[in-house]
Amino acid sequence: MPLVLIVDDEADLARLIEFNLKAAGLDTSIAPDGETALRLAAQRPPDLVLLDLMLPGLAGTEVCRQLKRGAKTAGVPVIMLTAKGDELDRVVGFELGADDYVTKPFSVRELVLRVQAVLRRRSPEANAADAPSTVERRKVGAVEIDLGAHRAFVEGEEVTLTALEFRLLQHFMERLGRVQTREQLLQDVWQMSSELETRTVDTHVKRLREKLGAARDYLETVRGVGYRMAQPGSE
């Protein structure tokens, strides 16, 4: 049974999330602060962390940083719980490797569905599935994504992407050959204000390129403007 670590200092909200996750067949543990979260994660690495960024003591962004640096927890997906005005903290969280975010107040049902989607992508059953289905898939050269299964492939081999990296790749593939400015990407992929001065777009494009391996050159930098995905052999 997958274990979800809930890190939130709002006891009532944490218990509500716990109740709904258990009803969905998941195991849970609760940490009211960052120090407790790191201790619990070290004792028993969870399969997913729900991390409130506004925590007493150790900030949620620092908790995320330490989780991503830990040998046992580096690969554990993190879904951030943020308030509407916490865009800068959210940016930092993404740059540290967080997979997704949910803005408070949120639908608990939506949160459970997001958790299940992330866990499904990490399950052995999902990884052992056949090649991408013919439904809801897109292909550009050696790169293929299965939208329904939320999986990505390069030359037929699956590559592991975070939820945000998958959205970024999908965005580029759907706008093949068209330049996307950093401001457009912040608005369309991150759903954040384009007025933020941040290098989070550059950081994530760099990570995505690294994961695409042989297809890394498909993502082109347009100096002074942004990025685009080029059709292989279009030059």
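Predicted model: local features only at pLDDT ≥ 70, side-chain atom pairs only at ≥ 80, totals over all residues.
Helix α7 passes helix α8 in a right-handed crossing, where right-handed denotes that the near helix is turned clockwise from the far one by less than a right angle, and left-handed anticlockwise. Residues are numbered from 1 along each chain as its sequence is written, and side-chain values use heavy atoms, with hydrogens and water left out.

Helix α7 spans residues 163-174 and helix α8 residues 182-190; their axes come within 10 Å and cross at roughly 120°. Axes are lines fitted to C-alpha atoms, for helices over the stretch in contact, and angles run from 0 to 180 degrees between N-to-C directions. The two helices, α7 and α8, are therefore oblique to each other (angles under 35 degrees count as roughly parallel, over 145 as roughly antiparallel, 65 to 115 as roughly perpendicular and the rest as oblique). On the α7 side, the contact involves Leu164, Arg167, Leu168, His171 and Phe172, which meet Leu185, Asp188, Val189 and Trp190 of α8; contact means heavy atoms within 4.5 Å. By class, 6 nonpolar, 1 polar and 2 charged residues take part in this contact of α7 with α8. Here Ala, Val, Leu, Ile, Met, Phe, Trp, Tyr, Cys and Pro count as nonpolar, Asp, Glu, Lys and Arg as charged, and the others, Gly among them, as polar.

Gly34, Ala37, Leu38 and Ala41 of α2 make the contact with Val63, Gln66 and Leu67 of α3. The residues of this contact of α2 with α3 comprise 5 nonpolar, 2 polar and no charged.

Thr73 lies in the loop between α3 and β4 (78-83). With a relative accessibility of 8%, Thr73 counts as buried (buried means under 20% relative accessible area, exposed over 50%, partly exposed in between, with a 1.4 Å probe and protein chains only). Apart from neighbours within four places in sequence, Thr73 is in contact with Ala41, Pro45, Gln66 and Leu67. Thr73 and Ala41 are 32 residues apart in sequence, and their C-alpha atoms are 7.3 Å apart in space.

Thr82 is located in strand β4 and, at 1% relative accessibility, counts as buried. Neighbours within four places in sequence aside, the contacts of Thr82 are Leu53, Arg90, Tyr101, Val102, Thr103 and Lys104. Val92, in helix α4 (residues 87-95), counts as partly exposed at 30% relative accessibility. A C-alpha separation of 9.7 Å is found between Val92 and Arg199, 107 residues apart along the chain.

Over the protein chain there are 9 helices and 12 strands, defined as DSSP runs numbered from the N terminus (helices H or I, at least four residues; strands E, at least two). Of the 235 residues in the protein chain, 47% are buried. Among contacts with a separation of 6 or more, 58% join residues 24 or more positions apart. The protein chain exposes about 11,700 Å², of which carbon and sulfur atoms supply 48%; accessible areas come from the Shrake-Rupley method with a 1.4 Å probe, and for residues only the protein chains shown count as cover.
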